[in-house]
Amino acid sequence: MRRAYASGTTRVSYDGKSVDYGSAEDLLARIRTIERAIAGATRPLPVAGLAGFSRGDR
């Protein structure tokens, strides 16, 4: 996809399938969406804690 964008092409082919994007901006938006998804998948998940409390009278 990056090569297609760099060359000014809006058609991407992979594994015998092709996708035509309406414009270079559409292709770039898709690239950024995929990169964000990959970056989000590689971040460690936050650890949830368990809060405790006591009323003090029991």
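This note goes through the predicted model point by point, from the overall fold down to single residues.

1. **Fold.** The chain has 2 helices and 2 strands. Along the sequence they come in the order α-β-β-α. The radius of gyration is 23 Å, whereas the globule rule gives 10 Å for 58 residues. That is well over the rule, so the chain is more spread out than a compact globule.

2. **Dimensions.** Taken along the principal axes, the box filled by the C-alpha atoms is roughly 70 × 25 × 15 Å.

3. **Contacts and surface.** Consider the contacts between residues at least 6 apart in sequence. Of these, 23% join residues at least 24 apart.

4. **Strand pairing.** Strand E1 covers residues 11-14 and strand E2 covers residues 17-20. The two run antiparallel and are joined by 4 bridges. Together they form a hairpin, with 2 residues between the strands.

5. **The turn.** Which residue in the turn has a positive phi? It is aspartate 15, at about 55°. Aspartate 15 is not a glycine, yet its phi is positive. Its place is the loop between E1 and E2. Aspartate 15 counts as exposed because its relative accessibility is 66%, and the cut-off for exposed is over 50%.

6. **Arginine 11 and aspartate 20.** This pair is linked in two ways. Aspartate 20, in E2, is the bridge partner of arginine 11. Their side chains also meet in a salt bridge, with N to O at 3.2 Å. Aspartate 20 is exposed, at 52% relative accessibility. Arginine 11 has a relative accessible area of 46%, so it is partly exposed.

7. **Arginine 2 and glutamate 35.** The count of salt bridges comes to 2. One of them joins glutamate 35 to arginine 2, with the closest N and O atoms 2.3 Å apart. This pair links distant parts of the chain, as the residues are 33 apart. Arginine 2 belongs to helix H1 (residues 2-7), and glutamate 35 to helix H2.

8. **Accessibility of that pair.** Are arginine 2 and glutamate 35 exposed or partly exposed? Arginine 2 has a relative accessible area of 58%, so it is exposed. Glutamate 35 has 32%, so it is partly exposed.

9. **Nonpolar patch.** Which residues make the nonpolar surface patch? They are Met1, Ile34 and Ile38. The patch has an area of about 250 Å². Isoleucine 38 sits in helix H2, which spans residues 24-42. With a relative accessibility of 52%, isoleucine 38 counts as exposed.

10. **Points to check in the viewer.** Start with the hairpin turn, where aspartate 15 has its positive phi. Then look at the salt bridge between aspartate 20 and arginine 11. Next comes the salt bridge between glutamate 35 and arginine 2. End with the patch made by Met1, Ile34 and Ile38.

Conventions
Residues numbered from 1 in each chain as written. Predicted model: local features only at pLDDT ≥ 70, side-chain atom pairs only at ≥ 80, totals over all residues. Heavy atoms only, no water. Patch = residues over 30% accessible without salt bridge, like charges linked within 9 Å, V, L, I, M, F, W, Y side chains within 5 Å. Areas by Shrake-Rupley, 256 points an atom, 1.4 Å probe, with all protein chains shown as cover. Salt bridge = Lys/Arg side-chain N within 4 Å of Asp/Glu carboxyl O. Buried < 20%, exposed > 50% of the residue type's maximum accessible area, 1.4 Å probe, protein only. Pairing = 2+ DSSP bridges. Rg over C-alpha atoms; globule rule 2.2 N^0.38 Å. Contact = heavy atoms within 4.5 Å.
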